[in-house]
Amino acid sequence: MTQTVAVLGTGKIGEALLSGMIRGGWPASKLLVTARRPERAEELRTRYGVEAVSNAEAAKRADTLILTVKPQDMGALLDELAPHVPADRLIISGAAGIPTSFFEDRLAPGTPVVRVMTNTPALVDEAMSVISAGSHANAGHLAHAEEIFGGVGKTLRVPESQQDAATALSGSGPAYFYFLVEAMTDAGILLGLPRAQAHDLIVQAAIGAAVMLRDSGEHPVKLREAVTSPAGTTINAIVELERHGVRAALIAALEAARDRSRELAAGTN
């Protein structure tokens, strides 16, 4: 926490990281932010007591640069940063689909780059952040990234070759659950429940199920079987899910997300 960290392009995820670092004890005096709009920069400065600077100034002053802009904006940002980033700066990228080589090719030779795929539950300190090292990043760089992203949830190191799969499974994962909750809420309304009650029932069931999966150590099949009585209500629902190919549809959906992550990477070369 003695290093200066700059968050560039501080949107929702960037702000979640910023607030997580401050809650974790990072002094505001060691944190810099950049934002496209002056009013957004002022909002962050007022809310967190951090200094808002230009991208070039952040590159000159910070030991670690966290790039949280959208993938399509990353090339332009690197063009702006390249003249100001010494090779000893740690670059952490949160852009989906963009490989570490994209950054290494555009910055000073030997610049360490760490690629991180986090997700929106960072906003409630329940993120899953998947971390991979570029060719010049060492164990210390990875540990530093874990220190930062550990403030907003859990972290997991994987080879960069697995990042596209992690993006499909975890980065996009919350959206799949929201989609299921939406569909199940509609089902509850069809079955005669008011929307608010259906929503509360499903959300609490989802929270309870997630905690049991996390804390019990049991395989999901065992937990599902514990709910599935012979000739009962649950098995009838499971049969319908299988009849409609829900399992196959989920697998195909994740494959599509992985393939799109690969396409994004190909488009940056």
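Among contacts between residues at least 6 apart in sequence, what percentage join residues at least 24 apart? In this predicted model, the figure is 64%.

## Overall picture

The protein has 269 residues, and 38% of them are buried. Its secondary structure consists of twelve helices and eight strands.

## Helix pairs

Two packed helices are described by the angle between their axes and the distance between the axes.

| Helix pair | Angle between axes | Axis distance |
|---|---|---|
| H1 (residues 12-23) and H2 (residues 38-48) | roughly 20 degrees | within 12 Å |
| H7 (residues 163-171) and H8 | roughly 35 degrees | within 5 Å |
| H8 (residues 173-190) and H9 (residues 195-216) | about 135 degrees | 9 Å |

Helices H1 and H2 cross at roughly 20 degrees, and they are therefore roughly parallel to each other. Their crossing is right-handed. On the H1 side the contact is made by Glu-15, Leu-18, Ser-19 and Ile-22, which meet Arg-40, Leu-44, Arg-47 and Tyr-48 of H2. Sorted by class, these residues comprise four nonpolar, one polar and three charged.

For helices H7 and H8, the axes come within 5 Å. H7 contributes Ala-168, Leu-169, Ser-170 and Gly-171 to the contact, while H8 contributes Gly-173, Pro-174 and Tyr-176. This contact of H7 with H8 holds four nonpolar and three polar residues, with no charged ones.

Helix H8 also packs against H9, at an angle of about 135 degrees. That angle makes H8 oblique to H9. The crossing of H8 and H9 is right-handed. From H8, the residues Val-181, Met-184, Thr-185, Asp-186, Gly-188 and Ile-189 take part, and they meet Arg-195, Ala-198, His-199, Ile-202 and Val-203 of H9. The contact of H8 with H9 divides into six nonpolar, three polar and two charged residues.

Which residues does Ile-202 contact, leaving aside its neighbours within four places in sequence? They are Val-181, Met-184 and Thr-185. Ile-202 lies in helix H9, and Val-181, Met-184 and Thr-185 are among the H8 residues that meet H9. Ile-202 counts as buried because its relative accessibility is 12%, under the 20% limit for that class. The C-alpha atoms of Ile-202 and Leu-180 are separated by 9.6 Å, and the two residues are 22 apart along the chain.

Ala-16 is a residue of helix H1. At 5% relative accessibility, Ala-16 is buried as well. Not counting residues up to four places away in sequence, Ala-16 touches Ala-122, Leu-123 and Val-152. Ala-16 and Gly-151 are 135 residues apart in sequence, yet their C-alpha atoms are 9.3 Å apart in space.

## The aromatic pair

How many aromatic pairs does a search of the whole structure find? There is one. Phe-102 and Phe-103 form this pair, with their ring centres 5.7 Å apart and 85 degrees between the planes. The arrangement is edge-to-face, because the angle between the planes is over 60 degrees. Phe-102 is buried, with a relative accessible area of 6%. Phe-103 is buried too, and its relative accessible area is 1%.

## Positive phi in two loops

Most residues other than glycine have a negative phi. Asp-125 has a phi near 60 degrees, which is a positive value in a residue other than glycine. Asp-125 is in the loop between strand E6 (113-117) and strand E7 (127-133). Its relative accessibility is 30%, so Asp-125 counts as partly exposed.

Ala-231 is not a glycine either, and its phi is positive at about 60 degrees. Where is Ala-231 placed? Ala-231 is in the loop between helix H10 (220-227) and helix H11 (233-243). With a relative accessible area of 78%, Ala-231 is exposed, because that value is over 50%.

How values were computed:
Residues are numbered from 1 along each chain as its sequence is written. This is a predicted model: local features need pLDDT of at least 70, side-chain atom pairs count only at pLDDT 80 or more; totals for chains, interfaces and linings use all residues. Side-chain values use heavy atoms; hydrogens and water are left out. Rings of Phe, Tyr and Trp (its six-membered ring) pair if their centres lie within 6.5 Å; planes under 30 degrees apart count as stacked, over 60 as edge-to-face and the rest as tilted. Buried means under 20% relative accessible area, exposed over 50%, partly exposed in between (1.4 Å probe, protein chains only). Axes are lines fitted to C-alpha atoms, for helices over the stretch in contact, and angles run from 0 to 180 degrees between N-to-C directions. Helices (H or I, at least four residues) and strands (E, at least two) are DSSP runs, numbered from the N terminus. Angles under 35 degrees count as roughly parallel, over 145 as roughly antiparallel, 65 to 115 as roughly perpendicular and the rest as oblique. A crossing is left-handed if the near helix is turned anticlockwise from the far one by less than a right angle, and right-handed if clockwise. Contact means heavy atoms within 4.5 Å. Ala, Val, Leu, Ile, Met, Phe, Trp, Tyr, Cys and Pro count as nonpolar, Asp, Glu, Lys and Arg as charged, and the others, Gly among them, as polar.
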